[in-house]
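Keep the viewer open and try each task before you read its solution.

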Amino acid sequence: MSSTSLSPDCDPMPGSDSAAPSERSIRILSVDDHPVFREGLYRIIGSQDDMQLVAQAANAADALKQFRVHRPDVTLMDLRLPGTNGTDAIVAIRGEFPQARIIVLTTSEADAEIQRALRAGAAGYVLKSARRNELLTVIRSVHAGNRCVPADIAARLAERGGNNTLTEREVEVLRLIQNGAKNKEIAGQLSISEATVNFHIKNIVGRLQANDRTHAVTIAIRRGILQV
């Protein structure tokens, strides 16, 4: 839990109760499929007088099961889980428990994954490269009702805004390009004309500020729009 990371910006979440938390320990659920990382979190959280790791899970299904049993105050959620991903786990948990306070704790800096997690209701986003004290600060702040996102990530998302968001059909076209399909093949697979394919590719290249279709695929992979 070392390396560098900018301090998070934490702001009260709309409609949240930002009153001072109770004196009892912050009860935490950790969701991560790497046992060594979970062990590290256990040691970090266990060293804090105001925190308690009440349960751990290695996949999305177990995360929901453990949440139902323990009702943690804060959940630390990895995005890259076997089977169902962490964002879908957030959706499932908050579908049953709308007040659940979930912090994404991941290696991913891909814009698309960040946006999906925040839209799903994540209250915080922390990279696994963050310093120990930064993670602890975010846990306490989210527990108090705030929303915490690293300043550099928030600035990047704000700068890009929604102008480069691709439609579902554009992502389909881009995925086929990634798989090596030519325009005629894309048209056949999606039951659209080649002219429509060309129109979509023009929009994709423009929205991603790419040089060409190949560059667009590279950018989409880097941002998490496409998976390798």
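**Before you start**

This is a predicted model, in which local features need pLDDT of at least 70, side-chain atom pairs count only at pLDDT 80 or more, and totals for chains, interfaces and linings use all residues. Residues are numbered from 1 along each chain as its sequence is written, and side-chain values use heavy atoms, with hydrogens and water left out.

**Exercise 1. Describe the chain as a whole.**

Step 1: The protein chain has 10 helices and seven strands. Helices (H or I, at least four residues) and strands (E, at least two) are DSSP runs, numbered from the N terminus.

Step 2: Of its 228 residues, 47% count as buried. Buried means under 20% relative accessible area, exposed over 50%, and partly exposed in between, with a 1.4 Å probe and protein chains only.

Step 3: Take the contacts between residues at least 6 apart in sequence: 70% of them join residues at least 24 apart. Contact here means heavy atoms within 4.5 Å.

**Exercise 2. Find the aromatic pair and classify it.**

Step 1: The structure holds one such pair. The ring centres of Phe 67 and Phe 97 are 4.9 Å apart and their planes are at 45°, so the pair is tilted. Rings of Phe, Tyr and Trp (its six-membered ring) pair if their centres lie within 6.5 Å; planes under 30 degrees apart count as stacked, over 60 as edge-to-face and the rest as tilted.

Step 2: The pair links distant parts of the chain, with Phe 67 in helix 2 (residues 60-70) and Phe 97 in the loop between helix 3 and strand 5 (102-106), 30 residues apart. Both Phe 67 and Phe 97 are buried.

**Exercise 3. Work out which residues of helix 8 are buried and what they pack against.**

Step 1: Asn 183, Ile 186, Ala 187 and Leu 190 of helix 8 are buried. Viewed down the helix 8 axis, these buried residues fall within an arc of 100°, so they line one face. The arc is that of the directions from the helix axis to the C-beta atoms.

Step 2: Turned away from the buried side of helix 8 is a face with the exposed residues Lys 184, Gly 188 and Gln 189.

Step 3: The packing partners of the buried residues of helix 8 are helix 7 (168-178), helix 9 and helix 10 (213-223).

Step 4: Just after helix 8, look for Ser 191, which takes a positive phi of about 55°.
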